[in-house]
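Colleague: I have not seen this one before. Can you walk me through it?
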Amino acid sequence: MNIYVSNLNFSTTSESLQELFTAYGEVESTKIITDRETGRSRGFGFVEMPNDAEGQKAIDELNNADYEGKTITVTIARPKTDRASGGYNNRGGNRY
């Protein structure tokens, strides 16, 4: 199960996120999403748990929980979709 975790403290690491979720079962991987230019956390990440029941228990118990001084949101991750690069027929904006 792929789990989306948002509203993370900017100092949260993949290791600390893995430690949090390990209390609910096996964690296959964790990833904190960072800004490409600065390398700073963007405040969200993903946790992969191979057992769906354990993943759902983690979601149920951690959603809206306080973690590292912030109230985190924990949900099932939606599949990544292709994004258009700017909209308006990919011209980058509202130019007529």
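Modeller: A term to start with: contact means heavy atoms within 4.5 Å. The model is predicted, so local features need pLDDT of at least 70, side-chain atom pairs count only at pLDDT 80 or more, and totals for chains, interfaces and linings use all residues. Residues are numbered from 1 along each chain as its sequence is written, and side-chain values use heavy atoms, with hydrogens and water left out.

Colleague: What is Val47 in contact with, leaving aside neighbours within four places in sequence?

Modeller: Met1, Asn2, Ile3, Val5, Leu17, Phe21, Val27, Ser29 and Thr30.

Colleague: And which residue stands opposite Val47 in S3?

Modeller: Ile3 does. S1 and S3 (residues 41-48) pair in the antiparallel sense over 5 bridges; two strands pair if DSSP finds at least two bridges between them. Strands (E, at least two residues) and helices (H or I, at least four) are DSSP runs, numbered from the N terminus.

Colleague: How many bridges join S1 and S6?

Modeller: There are 4, again antiparallel, with S6 covering residues 73-76. Thr73 in S6 is the bridge partner of Ser6.

Colleague: New topic. How many salt bridges are there?

Modeller: The search of the whole structure finds 1, where a salt bridge is a side-chain nitrogen of Lys or Arg within 4 Å of a carboxyl oxygen of Asp or Glu. Lys57 forms it with Glu61, and the closest N and O atoms are 2.6 Å apart. Both residues lie in helix H2, 4 residues apart, about one turn of the helix.

Colleague: Why does Lys57 count as partly exposed?

Modeller: Because its relative accessibility is 45%. Buried means under 20% relative accessible area, exposed over 50%, and partly exposed in between (1.4 Å probe, protein chains only).
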